[in-house]
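Please read them with the sequence and the model side by side.

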Amino acid sequence: MAGIWTFAEYREHMLELLNIGRGLAAKTGMKITTLLCHDREQARDCIQRGADEVLLLPPLAGDQPLDVYIPLIVEEAKKGYPDVILVSATTRGKDMAARIAARLNTGLCSSCTAIRYDESSKIFEMERLAYGGAALQKVVCNARPVMATIPPKTHEPAAPLEERRDLGTVRELSLPPPSALKVIQRKGKEREVKDITEARLVVCVGRGLEKSEDLALARRLADALNAEIACTRPISEEYHWLPEELCIGLSGIQVKPDLYLGLGVSGQVQHVTGIRGAKVIAAVNKDENAPIFKTADLGIVGDLYDVVPKLIEELKK
Ligand SMILES: Cc1cc2nc3c(=O)[nH]c(=O)nc-3n(C[C@H](O)[C@H](O)[C@H](O)COP(=O)(O)OP(=O)(O)OC[C@H]3O[C@@H](n4cnc5c(N)ncnc54)[C@H](O)[C@@H]3O)c2cc1C
């Protein structure tokens, strides 16, 4: 069987793809090929973490966009016949994956949450959320390669394996023709708040909060726990009490803290999608039938205005 190819702009996303690749390789016996942007040291690291071959994409001039690599990747794929191509679902990754899939005349499962290989049918089955997270869609692609974009930070990074230290090959690819597009300026997105996707403890406020001044109460609890504040979409998008970077869920960020504590959060599926990676989910809600209690490991049925001060008091002790 040909192989599993991975492509990501950033190292940490590449390591996640390698982890998925390793799982598939163990089932299929396929080799893993990693497409890497011109870094020999990283190439050795990828090999130690599971890649059998690294195809080094040549460095680009500063005014060249990443999609210059598209014809190069397509050309290599036409020669190498990969069975699977996994691309990290960054904005540029998604754009490139769609264009590569079109040129290879195959399908693309975007924002794929899981990919499995069924040994009896020899089919790769993928999953993705549909209808705003209300349904799970299963996707099968009859064409080859099977292509999927994988949302970053949804898988563990592949760990290095000592026994792989001297394995694998690295091949340098030649420079592709320049793009007609030129990059005039590169500017980082300005953030109002710090990134909380890696926070260990998260206190999330929902519409159970009556007014913006009451955020102070949630902040006191967050301080007592040494946690970060986050929110549901209505809090950031409708009320504008907190910036959108703190909205957890389908249209916001995914978090995977040790503890997620929801205050006045109903737990609709679009929100819960963003907290599935949390180790412990706890919730305070005055409605015992609130859907959050179906997901929560720990729940307090009660008015947050009674419960939160008591929690703060206990934490201070
Ligand atoms: C395409 C799409 C994408 C979406 N993406 C997201 C997303 O990324 N993130 C997101 O969060 N939402 C998202 N939503 C919205 C989502 O469906 C819910 O509407 C939203 O999560 C509800 O927010 P909430 O829990 O704060 O509010 P509500 O659903 O109004 O819940 C408030 C809860 O507070 C409880 N409560 C009220 N007063 C108190 C009190 N005093 N003490 C304790 N509990 C109290 C109530 O019982 C209730 O359960 C999306 C929707 C769509 C259609």
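1. In what order do the 3 strands of the open sheet come, and is the pairing parallel or antiparallel? The order is S6-S7-S8, and the pairing is antiparallel; strands here are DSSP runs (E) of at least two residues and helices are runs (H or I) of at least four, numbered from the N terminus, while two strands pair if DSSP finds at least two bridges between them. Strand S6 (112–118) and strand S8 (135–140) stand at the edges with a single partner strand each, so one side of each lacks a neighbour in the sheet. Strand S7 (residues 123–130) is joined to S8 by 6 bridges in the antiparallel sense, and Arg128 stands opposite Gln137 in S8.

2. A word on the basis of these notes. Residues are numbered from 1 along each chain as its sequence is written. This is a predicted model, in which local features need pLDDT of at least 70 and side-chain atom pairs count only at pLDDT 80 or more, whereas totals for chains, interfaces and linings use all residues.

3. As for the whole, the protein has 9 helices and 15 strands, and its C-alpha atoms fill a box of roughly 65 × 50 × 40 Å along the principal axes. Of its 317 residues, 36% are buried, that is, with 20 or more other C-beta atoms, placed from the backbone, within 10 Å of their own.

4. Strand S9 (residues 146–150) deserves attention, because 5 of its 5 residues are buried and the strand is largely enclosed by the rest of the structure. In a regular strand the side chains alternate between the two faces of the sheet. Here Val146, Ala148 and Ile150 point one way from S9, and Met147 and Thr149 the other way. Strand S4 (residues 84–88) pairs with S9 in the parallel sense over 5 bridges, with Leu86 opposite Ala148; strand S5 (residues 108–109) also pairs with S9 in the parallel sense, over 2 bridges, and Cys109 has Ala148 as its bridge partner.

5. Finally, helix H5 (residues 215–225) packs against helix H9 (residues 304–316) at an angle of about 25 degrees, their axes being 9 Å apart. That angle makes H5 roughly parallel to H9, a term for angles under 35 degrees. By class, the contact has 8 nonpolar, no polar and 2 charged residues, where Ala, Val, Leu, Ile, Met, Phe, Trp, Tyr, Cys and Pro count as nonpolar, Asp, Glu, Lys and Arg as charged, and the others, Gly among them, as polar.

How values were computed: A residue is buried if 20 or more other C-beta atoms lie within 10 Å of its own, exposed if 12 or fewer, and partly exposed in between; C-beta atoms are placed from the backbone. Axes are lines fitted to C-alpha atoms, for helices over the stretch in contact, and angles run from 0 to 180 degrees between N-to-C directions. Angles under 35 degrees count as roughly parallel, over 145 as roughly antiparallel, 65 to 115 as roughly perpendicular and the rest as oblique.
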